[in-house]
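Open your viewer and get ready to click along.

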Amino acid sequence: MSFYRNLTIRQKQIAWAWAFLAVPVLFYGIIRFYPTGNAILISFQDWNLLGDRTWSGLENYRKLVADPVFWKVFKNTFLYLILGTPISLVLSFIIAYQLDKVRFMHSTLRMLYFLPFMTSAVAMAWVWRWFYQPVPTGLFNNLLAQLGIPQIAFLNSTTNALPSVLAPAVWAGLGFQIIIFMAGLRAIPVSYYEAARIDGVGWWTQLTQITIPLLRPTIVFIVVFSSIGFLRIFDHVYNMTTNNPGGPLNATKPLVLMIYGTAFNDFDMGYAAAQTVVLFVILLIVSLLQLRLLRSE
């Protein structure tokens, strides 16, 4: 106690700050950093989940580089990112921009758009899977049949399977992005638009010179958040292709689903850990690049 009494007020504040931060920092370190470090360690080992671990060095990474399925899955993962992120960003911004101008039933409409985000991804995937079924079960193919258009093999085609899985994933995340965009739009001072209208500035110039530049922090957050979500996509793919996980010829299989299959179907934990490390590196690089590019002037 005498030591504590001899401390200055500033030193006491620092001591109390670290005392309060110690528990959450320790908890975060155990929950986040220990599993990450353990996964990196397992990636250099051979382990079937039940027996002893044996050191294998870089063998799992050599196997990964020579695996054609991995490169197919790697391509699929980036297709989810490259297609899903810009589509969801543009759609959510357009909806939020128009919804922000609506006054009649504004809260109800906002709730309806947000509802898919609150719905279970598993239940949603099974509903969309039913939509995609052939005639007479599937909703979409029944509509096409009534219009005299040949039915489409949505989930059983190497061409259509990935967009078919991506569509509900984009739809499910729109609600959250719309709410974030609307919060960003409401944070822009109305006086900017009033001054622009007085000067005779059109809506397009207002959009490109006022709205979008001031929404830059919001756009950065949504792009990074959405990109991480599409790189880690799993629920929709797994539940919409349970009969053939990953779709025909692995047409829809993302990296997370490959990790799951390698770990819990093949019981090759070392190889699954190597895939996890690759996914971690991809997430880190993509996030840092997006933050750098979008935050640059």
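Which residues lie nearest the centre of the largest pocket? Select R32, T36, T276, F280 and L283, which lie nearest the centre among the 28 residues lining this pocket.

Before you go on, know that this is a predicted model: local features need pLDDT of at least 70, side-chain atom pairs count only at pLDDT 80 or more, and totals for chains, interfaces and linings use all residues. Residues are numbered from 1 along each chain as its sequence is written, and side-chain values use heavy atoms, with hydrogens and water left out.

What's a pocket here? On a 1 Å grid over the protein atoms alone, it's an open set of points where a 1.4 Å probe fits, with protein on both sides within 12 Å along at least five of seven lines; lining residues have an atom within 4 Å of a point.

Now colour α2 (9–42), α13 (255–264) and α14 (269–295), the elements that each give two or more residues to the largest pocket's lining. (Helices are DSSP runs of H or I, at least four residues, numbered from the N terminus.) α14 gives the most, with 12 residues. The space in this pocket comes to about 990 Å³.

Next stop: the second largest pocket, with a volume of about 520 Å³. Select F117, A169, G173, G229 and H236, the closest to its centre of the 22 lining residues. Then colour α5 (106–118), α6 (121–131), α8 (161–186), α11 (216–231) and α12 (235–240), which each give two or more residues to that lining. Here α8 gives the most, with six residues.

Key:
Points joined across faces, edges and corners; volume = space filled by probe spheres on them.
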